[in-house]
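Me: I have a new model open and want to learn how to read it. Can we go through it feature by feature?

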Amino acid sequence: MVVQNNASTINSMMEYMEQTLNNCEQFNYGYTSSIDLNIMLKNIFCSETKDYEINNSISVLQSIMFAQSMQPHIHSIYIYYNNPYGRFLTAAEKYYSYLDTYYDTEWYTLCREYSGKLQPFSISRTLKRYEFEPTATPVVTYFIPIKNTRQTESAGYSVINLSADYLLETIESTLPSREDGQLFAILNEKNEVLLQSPQLDFSETALSSPQNHTSPKVRIGKTNFITTFMQSDKNQWRYYIFTPQIVYYRIPVLVLSIILLFLIVLICIEIPLETKLVQAQLTERKYHMQTLELLALQSQINPHFLFNTLHFINWSVISLTKGPNAASDMLENLSTILNYSLREPMRAVLLSEEIYSTLCYINIISARFPESFLIQWEFNEPLPELKTPKLLLQPLIENCIVHGIRNEHSLLHISVRIQETEHGIRIIIADDGHGIESNSLKEICRKLSDESCSDTSHVGLFNIAKRLRLFYGTGYTLTIDSNVGEGTTVSIFLPFTGI
């Protein structure tokens with residue numbers, strides 16, 4: 001059981017970190033993927049003077065950076081494009097910052113060392129803005145090259161400083177044997193320590209490169225540990241979990257003691273003894289595993305929508321005059337969605353909060369694709385105080401719009417009905433769009449019923465199913481029905497009590 005828990009935990013830890021880095025790369029891709037935006041970056045950094053257009057471009061980029069930096073795991077963001085003036089942009093400063101006056105310039109030295117490298121790289125650092133600060137802030141800095149049009153060298157870097165304290169607390173809180181002294185460490189592609197438990201001195205372990213997932217025991221301080229190891233194929237990061245050796249033998253000894261006690265009691269007074277202690281420990285470990293898996297799934301919620309919208313707002317703001325306009329309304333709705341989805345991702349929310357966030361999403365999509373769809377809501381007020389995972393409705397409505405619109409001249413009708421029953425809430429989302437082929441629908445339904453299955457072509461749907469399973473256990477239902485040319489209906493039942 002301990003081996004399985006550790007293997008599952010280290011896999012979830014790797015998925016969580018890879019998703020965090022993937023979000024950073026999506027942010028970089030959002031404003032460096034086109035030739036026009038590369039030209040805009042060059043104009044911003046290399047022009048001798050600032051004119052109205054450049055000032056607007058700086059404001060747009062800093063708005064995007066600020067929206068991204070609102071995520072709790074991000075400490076700060078810099079954008080640097082090769083220029084002779086030592087200029088770069090930050091999310092916290094207005095206009096340019098300069099290398100000769102800014103408190104943090106170590107990142108620039110590292111960029112110069114890796115100037116010929118076209119792949120992202122990472123390092124652990126500490127930041128101290130003022131000398132009087134008692135302690136420096138630890139960060140994991142992720143460098144993402146901005147490629148030029150020739151793709152032969154980097155034209156600059158997006159430098160994203162991840163909060164080491166936040167990542168450390170998130171990972172440590174989900175270690176299944178944390179109370180017993182379990183430790184972890186994450187190393188970068190050069191085998192340099194990025195994150196580790198405060199009690200761990202990784203140099204003491206003197207580990208080689210293990211070929212399997214579980215290495216022989218190592219001694220750290222006065223304690224023997226069993227090492228669980230995994231290496232990422234994507235970025236070559238190494239993940240380690242160190243479990244005290246005593247944990248592997250505690251449960252077998254406890255079970256044996258309980259059996260002996262049971263036999264003694266049975267012989268003497270014939271009273272059965274329930275082994276509630278073992279059940280409690282198993283339940284606690286299951287909870288820890290579900291917590292980390294739910295966090296990894298929550299961070300998977302489609303980031304493409306956010307970055308595509310920011311890209312759209314970018315050019316809207318440049319083309320519009322000062323004062324309130326459609327672009328500023330979209331920014332306000334997008335800020336609401338960012339606050340809702342990225343802050344406290346593990347917190348369950350009321351159904352009314354989920355509806356409000358979904359309405360912000362609909363307002364943005366309506367601005368981008370006017371007169372393409374019409375949504376009708378049906379529910380009785382007040383809504384019951386039912387707790388749900390975040391981002392339950394938005395991905396389903398997004399699926400209706402993305403897969404349901406037949407052509408640019410047709411109007412898609414979507415209905416959202418919320419019905420209260422004796423034991424819970426039923427949510428029915430239906431559209432009259434293109435529909436799903438019969439064979440494809442059968443395959444989707446089969447995969448939805450398979451707990452171990454995932455599908456990258458239907459990320460939103462399978463993500464929702466898996467999060468509902470973790471949140472409600474077997475008490476929920478999710479069904480999908482569709483006919484080609486008639487539309488698709490998704491029905492979800494949520495019980496009043498989660499697990």
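Me: What should I know before I start?

Reply: This is a predicted model, where local features need pLDDT of at least 70, side-chain atom pairs count only at pLDDT 80 or more, and totals for chains, interfaces and linings use all residues. Residues are numbered from 1 along each chain as its sequence is written, and side-chain values use heavy atoms, with hydrogens and water left out.

Me: How many helices and strands does the chain have?

Reply: Helices (H or I, at least four residues) and strands (E, at least two) are DSSP runs, numbered from the N terminus. Here the chain has 13 helices and 18 strands.

Me: What share of the chain is buried?

Reply: Buried means under 20% relative accessible area, exposed means over 50%, and partly exposed is in between (1.4 Å probe, protein chains only). Of the 499 residues, 50% count as buried.

Me: How do I read contacts along the sequence?

Reply: Contact means heavy atoms within 4.5 Å. Take the contacts between residues at least 6 apart in sequence: 64% of them join residues at least 24 apart.

Me: How do I describe two packed helices?

Reply: Two packed helices are described by the angle between their axes and the distance between the axes. Axes are lines fitted to C-alpha atoms, for helices over the stretch in contact, and angles run from 0 to 180 degrees between N-to-C directions. Look at α10 (residues 351-368) and α11 (residues 394-404). Their angle is about 30 degrees, and their axes are 10 Å apart. That makes α10 roughly parallel to α11. The cut-offs: under 35 degrees is roughly parallel, over 145 roughly antiparallel, 65 to 115 roughly perpendicular, and the rest oblique.

Me: Is the crossing of α10 and α11 left-handed or right-handed?

Reply: A crossing is left-handed if the near helix is turned anticlockwise from the far one by less than a right angle, and right-handed if clockwise. The crossing of α10 and α11 is right-handed.

Me: Which residues of α10 and α11 meet?

Reply: From α10 come E354, T358, Y361, I362 and I365; from α11 come Q394, I397, E398 and I401. The residues of this contact divide into 5 nonpolar, 2 polar and 2 charged. Ala, Val, Leu, Ile, Met, Phe, Trp, Tyr, Cys and Pro count as nonpolar, Asp, Glu, Lys and Arg as charged, and the others, Gly among them, as polar.

Me: Which residues of α4 are buried?

Reply: In α4 (residues 106-113), they are W107, L110 and C111. Seen down the axis of α4, they fall within an arc of 105 degrees, so they line one face of the helix. The arc is that of the directions from the helix axis to the C-beta atoms. The face turned away from the buried side carries exposed R112 and E113. The buried residues of α4 pack against β1, β2, β4, β5 and β6.

Me: Which residues have a positive phi without being glycine?

Reply: Q236 is one of them, with phi near 65 degrees. Q236 sits in the loop between β10 and β11, and is partly exposed at 36% relative accessible area. L391 has a positive phi of about 55 degrees. L391 lies in the loop between β14 and α11, but is buried at 4%.

Me: Where is the cis peptide bond between E381 and P382?

Reply: P382 is in the loop between β13 and β14. The bond from E381 to P382 has omega near 0 degrees.
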